[in-house]
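User: I'd like to go through this model with you and ask what stands behind the terms. Shall we start?

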Amino acid sequence: MTSDEFYKELSYITAARNDRLQFSELVLNDMSLFPNLISISFMVDDATSSKATWVLEFVCHEYIYAIIPYLDFFTNNLNKIHLESSIRPIAKICTFIAERYTSKQPNPIKKSLESKHKEKIIETCFDWMINDHKVAAKVHAMETLFLLGKETPWVHPQLLDILQQDFHHQSAAFKSRAKHILNKMKKLKNL
């Protein structure tokens, strides 16, 4: 499939889970399509980029290690994502990366994620937390910040301030996840 054909096919998918799943299986079965997928995901002013991020999320959920060769590109362009329908899946991919990185089990993300990558993920997640974004993006951002903050000492105090400051102005979903994160930070502090 050429890049143009891939783009055209991607432009037809809907937000329906089955569409996203089918297209992600196409990519997982032919990883030569992955570079096109990540490239289209970061065509940030193009509506098809959101559809690409939906598929990218599903691909990364199944095989996060596909992102390793693209960590520089991914992290250097995170802050350019501005379409709300793209931010949530990209924020979730950041969580997948942080989960693997902080896992007790050795894995390729632990070896590949460099300080510069973590810094850009942390910076972008804080931007998502403090700016006017939907709750789902904030929930994934706070989870990522909690995980990466385990080894970056200044992150948890900043996250704590944001969660406490925003708590009363946010939705029930935000409050629920914020309580969960606050409890996890409290447990970590008490260890």
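User: What makes H9 a helix of the expected length?

Analyst: Helices here are DSSP runs of H or I with at least four residues, numbered from the N terminus, and H9 (residues 135-148) has 14. The expected span is 1.5 Å times one less than the number of residues; H9 reaches 20 Å from first C-alpha to last, close to the 20 Å expected. This is a predicted model, in which local features need pLDDT of at least 70 and side-chain atom pairs count only at pLDDT 80 or more, while totals for chains, interfaces and linings use all residues. Residues are numbered from 1 along each chain as its sequence is written, and side-chain values use heavy atoms, leaving out hydrogens and water.

User: Why is H9 called mostly covered?

Analyst: Buried means under 20% relative accessible area (1.4 Å probe, protein chains only), and twelve of the 14 residues in H9 are buried. Among them are Val-139, Met-142 and Phe-146. The buried residues of H9 pack against helices H6 (84-101), H8 (115-130), H10 (155-166) and H11 (172-190), with contact meaning heavy atoms within 4.5 Å.

User: What makes the 58 residues a nonpolar core?

Analyst: Such a core is a set of buried Ala, Val, Leu, Ile, Met, Phe, Trp, Tyr and Cys residues joined through side-chain atoms within 4.5 Å. In the largest one, with 58 residues, those touching the most other members include Phe-74 and Ile-93. H6 supplies the largest share of this core, nine residues. Not counting residues up to four places away in sequence, Phe-74 touches Ile-38, Phe-42, Ile-67, Ile-90, Ile-93, Cys-94 and Ile-97.

Terms used:
Helix = DSSP H or I, 4+ residues; strand = E, 2+ residues; numbered from the N terminus. Buried < 20%, exposed > 50% of the residue type's maximum accessible area, 1.4 Å probe, protein only.
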